[in-house]
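Here are my notes on the strands and sheets of this model. Please read them with the structure open.

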Amino acid sequence: MIFSILKHLHSSKIVETIPIRVLAMAATGFAAQSILRRVVPSFLSIPPTTHVARDFFSGTTLILRTPLHPSAFGICSLPQAIKGDADVLLKGVGDKNTIEDVKRIVELAKRASLRREVLHTDFLTPPVLKESMLVLERLADLKIVAQGGYPEAERCRLSVGHPEALTSDPDNVAALSISGNFSFQPCSHSDFLGAILGTGIARNKLGDILLQGEKGAHVLVVPELSDFLVSALDKVGNVSVSCKKIPLLALEYEPPRTKSLKSIEASLRLDAVASAGFKVSRTKMASLISNGDVRVNWSTVTKSNTTIKTGDMISVSGEGRLKIGEISSTRKGKFAVELIRYL
């Protein structure tokens, strides 16, 4: 194995000179651990310009072009992820905002692992959650657990920590029941969200909102704010409400109701596709976009000519959500777009 590693180092130009005696010893497997113990530490602490190690068998000098990171072998430790290897880990991650969010989560993971404790993120949007898990799963000495309160949760929190510290699923999500008489004044997801944010709670402290029809809604929050919401939330829309804690097992949820339709569009511009999906004029949609009232994949978009693709989730303040389904080309060079409207 050591022989293969050294061959990889030589072929990748990490090591410019490999002494014959080291190769011979590695090939036989004799004292393999000793080789790595005595050679590797001798250059890991040297500044990143020139790295020199001395072969303890023959006295031959190894000239190293770059530090020998575990990532050279497909493994990455947490300190490296925060430093030079961060850009490599985050290559291919979505937009700039997502990259910054993932970087902060990796930094959180670093602290948790080094201190051998468990730390939690706030509730994450699906894109940030997905990208964070893909990055964190590549790191050594780390365990991650995603929780949203119920199996189909859209917004989840990540718990990160050293495997010896994170030995069981943490209790980091609380559930609340918001009840009132909504028989004559039905309230939407936006109404509940607006009422909760109106108490001063930040959006990232709040998970999914599960509508319960005339009964109200069930809401997921960070546990430390559950008592505050119980005392502060007294109205949703024009309906007086009461708020109480409930066990996660008492959550009532079902798949969201949707309605699908097809639209033929000359382009895949955001204003064109969204106006068709929400049944509003293109002029009004362009205005909503420029005012910052439209989000694509949970990130605010202010350019009407943003290109939409399959799988994108479009949210418009006061209008709801729309998912982009299958997109195909027509014979006339236009686009047939499947639009899935959440009711």
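1. Basis. This is a predicted model: local features need pLDDT of at least 70, side-chain atom pairs count only at pLDDT 80 or more, and totals for chains, interfaces and linings use all residues. Residues are numbered from 1 along each chain as its sequence is written, and side-chain values use heavy atoms, without hydrogens and water.

2. Strand β16. Strands here are DSSP runs of E, at least two residues; helices are runs of H or I, at least four; both are numbered from the N terminus. β16 covers residues 335–342.

3. Partners of β16. Pairing requires at least two DSSP bridges between two strands. β11 (residues 258–265) runs antiparallel to β16, joined by eight bridges. Here K262 stands opposite E338. β15 (residues 320–329) is also antiparallel to β16, over six bridges. S329 has F335 as its bridge partner.

4. The hairpin. Five residues separate β15 from β16. In the turn, G333 has a positive phi of about 80°.

5. The three-stranded sheet. This open, antiparallel sheet has the order β3-β5-β4. β3 (118–120) and β4 (143–147) are the edges, each with a single partner strand, so one side of each lacks a neighbour in the sheet. Five bridges pair β4 with β5 (residues 157–161). One of the bridge pairs is I144 with V160.

6. Helix packing. Contact means heavy atoms within 4.5 Å. Helix α7 (residues 96–115) packs on the sheet, touching β3 and β5.

Conventions: Buried < 20%, exposed > 50% of the residue type's maximum accessible area, 1.4 Å probe, protein only. Axes fitted to C-alpha atoms, helices over the stretch in contact; angles between N-to-C directions.
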